[in-house]
Amino acid sequence: MALLDWIILGSTLLFIVGYGVWKTRGSKNVDDYVLSGNDAKWWTIGLSVMATQASAITFLSTPGQAFHDGMGFVQFYFGLPLAMIVICLVFIPIYKKLKVFTAYEMLEGRFDLKTRTLTAFLFLVQRGLAAGITIFAPSIILSAVLGWDLRTLNIIIGILVIIYTVSGGTKAVSVTQKQQMFIIMMGMFFAFFFILGSFPTDVSFGKALKIAGANNKLDILDFTFDTNNRYTFWSGITGGFFLALAYFGTDQSQVQRYLSGKSVRESQLGLIFNGILKIPMQFFILLVGAMVFVFYQYNPSPLNFNPAATEAVMESEYLDDYKALEEDHLELEMEKRIAQNAFSAALELKEYNAIQQAKQNIIKINEKERASRDTAKELIEKASTTVETNDKDYVFIHFILNNLPTGLIGLLLAVILSAAMSSTASELNALGTITALDLYKRNNKNPKGDKHYLFATKGFTLLWGIIAIAIACVASLFDNLIQLVNIIGSIFYGNVLGIFLLAFFFKFVKGNAVFVAAIVTQIIVIIGWYMDWMSYLWLNAFGCVLVIILAFITQAFDNFLGNSPIE
Amino acid sequence: MSKDNMNTKFEWKKEYTIVILLNMIYILIFYFIMILNN
């Protein structure tokens, strides 16, 4: 990395941290620290909500997803706008009316203390793990491609976030997220236009779309009812709806963003902002990935984008096999360029038969390329059982480091680290708040003053920061990082969402029935995930429906036995 | 915290209609991008 990149990266991150600390110094009480004094405007809330969801994984993994599997992943977000509307209609007015600090505080009023404690505990388990992964995900990738020490990078990201989150609380989180979103969008736009400028002169944006389309990268919508297919229109609109409803409606890392709103209206508009911009933003990030794919039709690409995987196989007994495969890959790339040029020329001439013929040729070459990449993965797996063969998360960073000019590399690395910091900050902020208010304060037999709880909230935020760094330091890589976070969410979210829906809509169900149903549901969902009963996205809907049904049955049984409800 | 506070009127606002309409338009645009480039 050049000095200019280091300067841009370092100064961007230090400015964000410094500004966050300076701008939000001196929180006087818990209300100031946890809810930003309830003075946030809708655009601050909207940007904060978006920055919380968009972690570094989003910017590393999503373009790689489009590169390998096309842009169908955008369907995952189709349920999100509907979820935003339900939250604006039902959740926000009630949260605001009850003047709660946390989402789970509301559950005590509706059910009982043990239900509040249970949901707070479920949140701490899943969000605590997720916070570690949010730090770990960019660290493992950046350390692999840049040769930086993984543990040091985990600690640096963690400490930078801890500094301003512990110091300024929710206000520091939202103030810094505005700048982080600006850096992120600026970096992605620069990268996008740079890619377009790197195409051969006869390849316009329109032609690049045609090339991506001919290679099945623009298969954005899939209306089939295949439950084994992870991303379809239907799984997005139903499973994605439940996941978004649970995440934005019941996850404190998001709820805390809009609870800081000046009024119900400001909080609602913040989520409307997200409902309008989320899908275009994800589409744009996927489009960057599709354009990276077109870029590599004219430029050499490695057989596997993970440098650690290539290194592992090069140092093994499979070296000769891998080198032979690389030579075949080089030849295939030459063939690919000729085929893309033929396709491009056919498009110019608008000859239908020639276009179809060139397309068939491209599809054949793609199948060969996919087969050779799969063989490369098999060789890597034989060479090392520990190294990650799935290189989706490495495609975009490989492109950044090998093709972007000096300066832009530093900016894009700042994008990735800013995204990691913005998500982690919201998570630590929420974890500290829940531990301090839902567990410590609520169960403290000797009530203390506001200053004490302010100090406790800061202390727990710091503690969760240290735990997140520790988790990041011991984590190991899964199939695809973005999916890992979603899988963890899907295991817990459905259950928690069901509890909230019971609270809002089914007044006859009491605390005991909900508590028993929630415990049983969580065990069944974990078994279901372990036994692979369904695609993980459906676990949200499954957990949600199951807890509601079990609560109905338990309540009916309780009524039948004539027990007086405990509220 | 009283349970009565949970009883809130759900008020539909024009912004929600805009969200639905805009997202339907996005999906239509995606559909056209897909079929025009395949």
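Against which helices of chain A do the buried residues of α14(A) pack? They pack against α9 (205-214), α12 (264-298), α13 (307-314) and α15 (352-383) of chain A. The model is predicted: local features need pLDDT of at least 70, side-chain atom pairs count only at pLDDT 80 or more, and totals for chains, interfaces and linings use all residues. Residues are numbered from 1 along each chain as its sequence is written, while chains are lettered from A and ligands numbered from 1 in the order in which they are written.

**Confidence**
- The predictor assigns the complex an ipTM of 0.92 and a pTM of 0.90.
- Chain B has a mean pLDDT of 86, with 82% of its residues at 70 or more; pLDDT is the predictor's confidence in each residue, from 0 to 100.

**Helix α14 of chain A**
- Helix α14 (residues 319-349) of chain A contains 31 residues and spans 45 Å from its first C-alpha to its last, close to the 45 Å expected at 1.5 Å a residue (1.5 Å times one less than the number of residues).
- Helices (H or I, at least four residues) are DSSP runs, numbered from the N terminus.
- A:Y322, A:H329, A:K336, A:A339, A:Q340 and A:F343 are buried in α14(A), where buried means that 20 or more other C-beta atoms lie within 10 Å of the residue's own, exposed 12 or fewer, and partly exposed in between, with C-beta atoms placed from the backbone.
- Just after α14(A), A:K350 adopts a positive phi of about 55°.

**Other helices of chain A**
- Helix α6 (residues 103-110) of chain A is largely enclosed by the rest of the structure, because seven of its eight residues are buried.
- Those buried residues of α6(A) are A:A103, A:Y104, A:E105, A:M106, A:L107, A:E108 and A:R110.
- A:M186 lies in helix α8 (residues 150-198) of chain A and counts as partly exposed, with 13 C-beta neighbours inside 10 Å.
- The C-alpha atoms of A:M186 and A:V415 are separated by 8.6 Å, although the two residues are 229 residues apart along the chain.

**Contact between chains A and B**
- Chain A contributes 25 residues to the contact and chain B 19; two residues are in contact if their C-beta atoms, placed from the backbone, lie within 7 Å.
- On the side of chain B that touches chain A, 12 residues are nonpolar, five polar and two charged (Ala, Val, Leu, Ile, Met, Phe, Trp, Tyr, Cys and Pro count as nonpolar, Asp, Glu, Lys and Arg as charged, and the others, Gly among them, as polar).

Conventions. Helix = DSSP H or I, 4+ residues; strand = E, 2+ residues; numbered from the N terminus.
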